[in-house]
Number of protein chains: 2
Amino acid sequence: MEQVLLLTPGPTPLHPRAVAALQWPMRGHMDPEVFAYNDRIVADLHTLYQTGGEGLTCLLSGTGSLGMEAGLANLLEPSDSVLIISNGVFGERMAEMAQRLGARVSVVRAPFGLGIDLAEVSSAAERVRPKLIAAVHGETSTGVLNPIPEIGEIAREVGALYSVDAVTTVGMLEFKMQAWGIDYAYTGSQKCLSAPPGLAPVAYSARALAAISTRKTPVVTWYSDALGMLGYWEPGQQGRKYHHTVPVQLHWATGEAIRAALEEGIPARSERVRTVAAAALAAMRTVGFEPFVSEAIRLPTVLAVRLPPGLDDAHVRHRLRHDHFISITGGLGETAGKIWRLGLMGETARPEHYRALLVALAEILGEPRLPVVFDQALPTAALAA
Amino acid sequence: MEQVLLLTPGPTPLHPRAVAALQWPMRGHMDPEVFAYNDRIVADLHTLYQTGGEGLTCLLSGTGSLGMEAGLANLLEPSDSVLIISNGVFGERMAEMAQRLGARVSVVRAPFGLGIDLAEVSSAAERVRPKLIAAVHGETSTGVLNPIPEIGEIAREVGALYSVDAVTTVGMLEFKMQAWGIDYAYTGSQKCLSAPPGLAPVAYSARALAAISTRKTPVVTWYSDALGMLGYWEPGQQGRKYHHTVPVQLHWATGEAIRAALEEGIPARSERVRTVAAAALAAMRTVGFEPFVSEAIRLPTVLAVRLPPGLDDAHVRHRLRHDHFISITGGLGETAGKIWRLGLMGETARPEHYRALLVALAEILGEPRLPVVFDQALPTAALAA
């Protein structure tokens, strides 16, 4: 099978340390070496999420969508009220999940690609007095960065718990769980960490755990019950409790990827993604692509671009994939056929990868200007990164 | 990290083809090569479960416990009635999950290690008229093989749907989903297939899908909704639908492990496990271990043995793990400290592995007879397998 360069908004090309760790020896889920390794993951996730060391961090044995569902299932009881902030597919997914869980769901919406009106969030929060406010930090479906600290202020004012989807941000951009007043956050292993898909690194605040401990009804899903996770991940008075067989290979790989991210450092990773994204966008603008999202709310890790008039979406992406072995992604939901989404998470955000994409694109479009302009647009600093 | 020989009831040592597949190139979850590979998995799972080609087979992005929960969540609506057959930890887990899901739960129980009374199941089914009967084929916690075809007869008589936990059986022992009237079955990738943990290969009958399609309420968990899986795994009129980012590396590895199992063939695998289990038990009996389960209901893939009087469970297992790099498992729940559970699923059921265990055990116990008796007890045919 050929190597394909994934420049999608997840999964990302694997970090070399994650690839190597997939071949570490097999261990059982109750083995002392697994617990020791998990302890390091717990500590590293506290650093990554900036939790202040409080609460529970762990890996859920499922993808980021399981992470989304676990938070809603644990923090909401049937007929509890939740306020969801949505301006994309993943905000809508949260609303659907909360609905299925039997919560009373209110949604503050903005159109796909546009920003959230904080005044509207504030008045909805005052009106609804929700138990939980849930928002998406970076909308993978549109490339919008939402005002997470500001929504956190509103949650604090109305005394609501606060859940944040950190799927496209944590590990690449600054994420301050404690300072921003967040009670639950989650991502997927295959996004900013460039580990294989299959795990959801999550963080619960101490306040979230207290709320879960005093629920009137049991969490509807045994598999995602935070107290079950707590018993396995943190030694209690009777030691560690078996819950389910964790995916050990994915623990190794994700643990190494988290360690690699912390060693590079979030400021350096942020700088890397911003530099590559800016250079790629500048080059693409010269041949008619335009940013889908205005600069003030543009997510650096998922670059959404509106296609030039007349560009045949399916044809160009097919040629990229089949002739050039490069995979990029189109729009989701109402943006399908109108935009492309270029991933800049983890190992995707590298100048050599975006150079390859732009050269291929120039060839497909018969557009000689693109590589030349690209050479000018990509600063030497980024090429050396 | 050292290689440790896992002779536990899961996870198992990885099949070499699964190890190799973990290094295959990365692909996105919507890539045509992933869909083509998934199609082969679907076909192979129809063969493995003997579905007759009807219904939906697929991999859930979580462990066997997610497989258990998915079936209950999809086949039951709140206040639907379910009859659970329990004689071990996993039967009890089903009851807890069904309770959390809001079903009306009736349980027919037998003590851990003993068989189910079919007359009791029958009269409970007549009394309760459940929408669903759920049973465990092989109880990992005790090593009991339950009468799945006979319970299937009872389900048919009362018109109930029928869900079966095939975690320790499918892939190693005969499993006839269609002939036994089963509507939902599941396992974990790390059990009889010797793939890495993290996936649940499952099968829904056509009747189960019809029941799910006509539910009055949505499935409470978006993540495990069978119709969401169907949209991703089977091309509909609008092609394949994105649901969540599947764990591609685990798909490769599990797909190869399934293929390896089918190439060896279930009859040959059954013969392998029965031969090794019989020889190991015969050797262990000579130094005072006794089978925990009577022969008629003994599960070949998990050999549960009662410890000889005076044997220090923790000490001996600690020495096995630390001096001999062999991992075995003790009792779960009420059998903790009283039994050991030796795994004979997939790659565990090999004479060379059980020879290593018995030699190590003889050394730890200061029991010179054990290796000699073992040599006599293990037939040449098994050693050559």
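A: **A close look around Arg129(A)**

Arg129(A) counts as exposed because it has 11 C-beta neighbours inside 10 Å; the label exposed means 12 or fewer other C-beta atoms within 10 Å of a residue's own, buried means 20 or more, and partly exposed is in between, with C-beta atoms placed from the backbone. Before going on, note that this is a predicted model, where local features need pLDDT of at least 70, side-chain atom pairs count only at pLDDT 80 or more, and totals for chains, interfaces and linings use all residues. Residues are numbered from 1 along each chain as its sequence is written, while chains are lettered from A and ligands numbered from 1 in the order in which they are written.

Back to Arg129(A): it sits in the loop between α5 and β5 (132-136) of chain A. Helices (H or I, at least four residues) and strands (E, at least two) are DSSP runs, numbered from the N terminus. Arg129(A) isn't a glycine, yet its phi is positive, about 45°.

Now step back to Arg127(A), which belongs to helix α5 (residues 118-128) of chain A. Arg127(A) is exposed too, because 11 C-beta neighbours lie inside 10 Å.

Gln50(A) is in the loop between α2 (32-49) and β2 (56-60) of chain A, and it counts as partly exposed because it has 19 C-beta neighbours inside 10 Å.
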